[in-house]
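Here is a short report on one protein chain. Look at the sequence and the fold, then read on.

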Amino acid sequence: MNPINNKEIAIIGGGPGGLTLARLLQMSGANVKVYERDASRNVRVQGATLDLHEDSGLKALEAAGLMDAFIANYRPGADKMCITDKHANILFDDSFATDGNGNLSRPEIDRGPLRDILLDSLQPGTVIWDSSFVSLDEQNGSFRINFKNGESAFADIVVAADGANSKLRKYITPIQPFYSGVTAVEGAVQDSENASPNIHKLLNGGKIFAVDDEKTLIVSSKGDGSLAFYSGCKTSETWASESGINFSDKADVHAWFIREYMGWDNIWSELYENASTPLIPRPQYCMPFDQTWDALPNMTMLGDAAHLMPPYAGEGVNMAMLDALELAECLLCDEFTNTHTAIAAYEKQMRARASETAKITMEQTESLHSVNGQANLLAMFEVNE
């Protein structure tokens, strides 16, 4: 008998990690609910496309029996990557859709379709929408979970899958992330073919990595005809709040971009002139590489809540989905006599894996935003300048 038999499980957060865990647990008959702060599944999912890796994101989808649905919804060619300098001169342009044998390598899928695949795989009523977590209280070995809308829920096991700004993490550990030294400014352009035609042409359905002057500008096409973009540069940790920039005013943000990215080609202005508002400043944080804590018998976490790191190695969603797979395997394993030992085993392997990935990610973050950032990125693809 596995350690979660006859236990109620609450997953806080309906991102890819939380939904993948719910799917895997339900496949084995577990009682699980997902509490998501979005008002409904129809809320527009923001962010760039996701490249899922064979040994993590795709591995989790395979275990969840969802590869056919993924193949029907992924975007062939969306992994096409173009590296440019600040003048939009193309330094590298290639596609990595297969591994050379016709097999998917790091296929891209938009966040919305991935979310729909996972939601559609769950039993009706699994996700409780409009459930923004406020607090929890332990009562006789179980939890009362309180939400902003005044509702409450009860569970024997709680899993924090509530992302970078997790409100549940503090119930598990007081360890805080450190600032990476880089802040990104996120934006989106709707109908990019008409709104930003030159960028749209350069994108060609894939991604642009513009790297120069110790700065980055990453642009990603999306299946709905929009694009997402992220500038990245070195700032103080409190730059966004102290800069005086009104991020709801695209003209104000554009003026900042022209100053900060002085000498960059006018083509990049298409992004800021046509961006939806508000644009979002995102200081990039990373959890300590050596973080550790004592496992709790009835609460754990996955994804960014557990091991936040910058996005410059493309590991975030993949790590979260692999967390979900490994946590499900531990919770469903008959070898563990109780949830405490199952959670402890999961967290030990999760922390070790996340530590190595975080180190690589921070090295990549520092490399891209260094004097030799452009050369370093090209070297990764064995391109001689």
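Is the crossing of α11 and α12 left-handed or right-handed? The crossing of α11 and α12 is right-handed. A crossing counts as right-handed if the near helix is turned clockwise from the far one by less than a right angle, and as left-handed if anticlockwise.

## About the model

This is a predicted model: local features need pLDDT of at least 70, side-chain atom pairs count only at pLDDT 80 or more, and totals for chains, interfaces and linings use all residues. Residues are numbered from 1 along each chain as its sequence is written, and side-chain values use heavy atoms, with hydrogens and water left out.

## α11 and α12

Helix α11 covers residues 316–331 and helix α12 covers residues 339–368. (Helices are DSSP runs of H or I with at least four residues, strands are runs of E with at least two, and both are numbered from the N terminus.) The two axes come within 9 Å and cross at roughly 155°. That makes α11 roughly antiparallel to α12. Axes are lines fitted to C-alpha atoms, for helices over the stretch in contact, and angles run from 0 to 180 degrees between N-to-C directions. Angles under 35 degrees count as roughly parallel, over 145 as roughly antiparallel, 65 to 115 as roughly perpendicular and the rest as oblique.

Contact means heavy atoms within 4.5 Å. On the α11 side, the contact residues include M319, L322 and L327. Among their partners in α12 are I343, Y346 and M350. The residues of this contact divide into 11 nonpolar, two polar and three charged. (Ala, Val, Leu, Ile, Met, Phe, Trp, Tyr, Cys and Pro count as nonpolar, Asp, Glu, Lys and Arg as charged, and the others, Gly among them, as polar.)

## α12 and α13

Helix α12 also packs with helix α13, residues 373–380. Their angle is about 130°, and their axes are 7 Å apart. α12 and α13 are therefore oblique to each other. Q364, S367 and L368 of α12 make the contact with G373, N376, L377 and M380 of α13. By class, this contact has three nonpolar, four polar and no charged residues.

## α1 and α4

Helix α1 (residues 16–27) packs with helix α4 (residues 111–120) at an angle of about 25°. The axes lie 9 Å apart. That makes α1 roughly parallel to α4. Their crossing is left-handed. P16, L19 and T20 of α1 meet L114, R115, L118 and L119 of α4. Five of these contact residues are nonpolar, one is polar and one is charged.

## Two backbone details

A cis peptide bond joins T277 and P278, with omega about 0°. P278 sits in the loop between α9 (269–273) and β16 (280–286).

N6 lies in the segment before β1 (8–12). Phi of N6 is near 65°, a positive value in a residue other than glycine.

## The second largest pocket

Which strand supplies the largest share of the lining of the second largest pocket? β12 does, with three residues. β12 (178–189) and β15 (227–234) each supply at least two. The lining has six nonpolar, seven polar and three charged residues.
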